[in-house]
Amino acid sequence: MLAAASGAAILPLTWPVGAGAASAKPASLAVGRGLPLDEGWRFYRGSADGFENPALDDSGWRRVDLPHDWSIEDIPGGATGPFDAKAVGGTATGFTVGGEGWYRRSFSADNLPPGFEIEIVFDGAYLESDVWLNGHHLGRHVEGYTAFAYDLTPYLNRDGANSLAVRVRNSGRNSRWYSGSGLYRSVALNIFAGKSRVAPNGVGAWTRKIEGSRSEIDVTTQLVATGGAQQLVTRLLDVDGNIVAEARSSAAASLTQTLVLPNARLWAPGDPYLYTLETLLLEGGAVLDRLHQPFGVRIVAFNAAQGMSINGKPIKLRGGCLHHDNGLLGACAYPDADERRIRLLQARGFNAIRSAHNIASSSLRGACDRLGMLLVEEAFDAWHVAKEPQDFAVSFEENWSAVLEAGVLAARNSPSVIMWSIGNEIPGRSRPKGVEWQWRLANKVRSLDPTRPVTAGLNGVLGPEMTASAASAVAGRAGLRDNASTIFLDISGYNYRLFDIESEHAAHPERIVYCSETFATEAWDYAQLSQRAPYFLGEFLWAAMDYLGEAGVGMSEARKPDAGFMSAAYPWVNAWCGDIDLIGNQKAASRYRDVVWGLSALELAVQKPLAPGLVEKTTLWGWSDEMQSWTWPGAEGRPVAIRLYTPGDRVEVRLNGVLAGTKRLAPTDKMRAELEIPYAPGVLEAIAFKGETEIGRKRLSTVGAAAKLHMASEKSHSASGRQRLHYVGLEIRDAAGRAVLGDQRKITLAIDGPAELIGFGSANPRAAGSYQALTTETFQGRALAILRARGTGRVRVEARTPGLAGAAAILRLG
């Protein structure tokens with residue numbers, strides 16, 4: 001292997017096992033798509049002239065493997081990890097820092113056969129990127145959440161070194177949440193045996209008919225540079241790789257085929273069976289292009305009378321809004337991290353997510369397909385009117401069509417995707433220009449995919465956007481307030497508009513609606529509405545899981561009764577409004593939702609005792625500072641609020657075996673009861689009854705002093721190689737093995753074996769140092785370590801903290 005002119009090794013391109021060729025290192029590259037190009041990059045945080053020059057010596061640059069997000073890394077010379085109180089994004093981006101970064105990679109294409117062509121595909125880069133090959137500028141991409149590709153063939157050196165250079169800029173105030181910076185999603189190569197190929201995202205497949213066990217799937221394919229005796233073969237393969245349906249046609253620029261499955265296995269949230277949709281472009285016996293995509297056979301239908309159904313079975317949406325970051329990993333889109341998020345939410349009863357407010361990564365969408373999580377894909381947070389000075393509104397009018405094409409065409413074959421959202425809380429949406437843009441966007445989406453409905457997240461009422469005369473005309477007539485905003489939508493998404501739904505339905509019985517954002521405190525109200533209103537599809541909670549940025553939007557604080565408006569400031573860095581916290585633990589609001597959604601018959605929590613003279617205040621997105629703890633040293637004798645959630649009609653609370661209080665619940669209590677009792681150490685027990693039948697019992701015990709660390713590794717999921725992650729949870733426990741939730745102390749890790757630490761921290765919503773150092777501080781007695789494989793073998797992870805017994809875990813990387 002030659003040494004690169006830059007000082008880095010020239011890496012030969014080879015297919016990994018199972019990625020499209022028969023062996024790990026073929027003599028020549030085979031036709032196929034998705035050749036990983038994530039490993040072996042060099043990275044420089046900063047800018048200078050000439051970094052795209054192939055002759056540049058980048059041997060001093062840091063080696064990174066993608067995905068990579070420099071905004072989650074420690075700020076060089078900083079004292080608080082990735083956070084800076086003076087960051088231009090402020091609370092919106094969680095006080096993290098953008099800037100400019102450069103990536104370089106050298107490779108050889110010696111084993112690319114003559115006449116073969118190659119393109120590079122980026123699943124996403126935040127925010128603005130420029131790409132060079134061997135010093136030639138390939139193009140610029142200005143949107144941070146959609147995939148883009150460039151043809152490498154014209155400038156490819158087939159005999160020797162090739163130099164890729166990528167500049168990524170994330171500047172100004174361009175996001176209302178944590179965006180991350182850099183090549184935060186995967187990069188891959190596509191190999192073609194000439195110019196003839198399937199067009200980018202050129203295969204669209206839809207289930208047209210399901211009759212008993214028989215299904216018909218229509219497949220449209222767009223081809224590029226077809227000619228001669230070429231043939232298009234489209235197949236469905238089952239999970240064992242068997243061909244279960246096939247169609248063959250003479251190649252043309254555009255054609256439609258029908259696949260017939262006599263014994264189809266359907267895709268549904270409870271049984272997400274996936275076929276492989278294989279597309280082959282052949283000429284004689286040669287494969288010119290090969291494409292594999294997951295595909296689920298299902299039909300999703302909507303109407304105002306019955307709501308939503310999948311394969312003829314009614315379903316209500318129990319959804320949550322999800323921002324794109326992966327907590328301690330920042331914006332990095334690892335398949336294992338995304339799958340973990342989906343599994344955590346499914347365990348809490350969620351069956352749908354909304355990709356707020358951008359096109360989801362292919363890894364997140366893939367997890368939804370595999371696990372049966374329904375997905376509303378959202379394209380924009382702004383159109384022509386900006387929410388932040390440098391957000392996408394700056395380039396919207398020039399690039400909106402390309403963004404929709406990239407997002408919709410890439411996701412249209414995913415069975416999890418049920419709706420396309422063209423925007424969230426768009427300013428000016430009901431003014432003439434806003435209505436015109438809604439028409440353009442909706443029509444564009446329908447031209448790309450006519451099988452799914454178009455929606456949008458609509459907040460509030462028209463208010464100042466209406467003329468005075470129009471406002472007067474509709475005063476008191478709720479059903480007319482959003483006509484302009486809904487006229488070109490198939491389904492209306494309402495943000496925080498619980499009390500508009502039934503009144504607007506009276507005026508517009510043809511309208512199908514759901515709530516695209518809801519408050520956690522209204523969980524019972526939405527569950528009741530779902531039961532009595534068939535036209536109402538369900539809700540999407542804001543938010544399903546905590547995320548970086550929008551710092552403190554769900555904050556809860558002890559304040560003086562006359563304290564004014566609550567607003568977060570540094571060191572608040574995460575939103576703190578999720579049902580699940582930043583590292584995957586269930587929060588208080590989620591336990592109430594467990595009861596409302598029927599996962600639990602009783603939940604017991606205690607509000608953190610308040611200092612005399614203070615009251616608790618929360619934001620609209622917040623929840624009381626409750627914990628499943630009966631350990632409150634210093635609060636002896638003071639009244640403590642006990643919160644109980646149950647579908648029962650009566651609850652009892654006992655302290656150390658003595659009845660301390662009882663309460664009856666009426667429907668107006670919305671499954672909530674509260675009692676105040678003086679705190680005393682011991683055992684707090686709650687019992688819930690329906691009639692005279694006990695339906696639930698929960699206990700909380702006062703725990704002892706912190707004595708030891710406990711460590712437990714989670715089961716890893718679907719990824720392999722460098723994409724495989726291992727999650728290791730840490731908890732402070734007393735001598736009896738009980739969690740000490742109030743404990744906060746520093747923990748240090750030692751790692752021995754083929755793995756690296758890529759995330760270590762807690763759910764603390766306030767800045768608490770690095771997320772990548774070997775030392776962190778627990779929050780509510782817990783922390784999480786995330787390791788990335790560096791090979792195979794045994795890895796020992798040990799945790800230590802002064803004064804407590806340590807803990808260790810063994811990971812086996814295969």
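Colleague: Does Cys-332 count as buried or exposed, and at what relative accessibility?

Modeller: Cys-332 counts as buried, because its relative accessibility is 5%; buried means under 20% relative accessible area, exposed over 50% and partly exposed in between, with a 1.4 Å probe and protein chains only. The model is a predicted one, in which local features need pLDDT of at least 70 and side-chain atom pairs count only at pLDDT 80 or more, while totals for chains, interfaces and linings use all residues. Residues are numbered from 1 along each chain as its sequence is written, and side-chain values use heavy atoms, with hydrogens and water left out.

The sulfur of Cys-332 has its closest cysteine sulfur in Cys-368, 19 Å away, which is too far for a bond. Cys-368 is also buried, at 0% relative accessibility, and its own closest cysteine sulfur, that of Cys-321, is 13 Å away, again too far for a bond. With a disulfide taken as a pair of cysteine sulfur atoms within 2.5 Å, the count comes to zero.

Gly-330 belongs to the loop between strand E24 (317-322) and helix H1 (335-347); helices (H or I, at least four residues) and strands (E, at least two) are DSSP runs, numbered from the N terminus. Gly-330 is buried, with a relative accessible area of 0%. Its C-alpha atom is separated by 6.6 Å from that of Asp-69, 261 residues apart along the chain. Leaving aside neighbours within four places in sequence, Gly-330 is in contact with Asp-69, Ile-72, Tyr-178, Asp-325 and Leu-548, where contact means heavy atoms within 4.5 Å.

Other parts of the chain are covered as well. Helix H9 (residues 588-596) has eight of its nine residues buried, so it is largely enclosed by the rest of the structure. These buried residues pack against several elements, among them helix H8 (523-532) and strand E31 (536-541). After H9 comes Gly-598, whose phi is positive, near 85°.

In strand E37 (residues 650-655), five of the six residues are buried. E37 runs antiparallel to strand E38 (residues 658-664), joined by six bridges; two strands pair if DSSP finds at least two bridges between them. Arg-650 stands opposite Arg-664 in E38. The two strands form a hairpin with two residues between them, and Asn-656 in the turn has a positive phi of about 55°. Six bridges also join E37 to strand E40 (residues 683-690), again antiparallel, and Arg-654 has Glu-685 as its bridge partner in E40.
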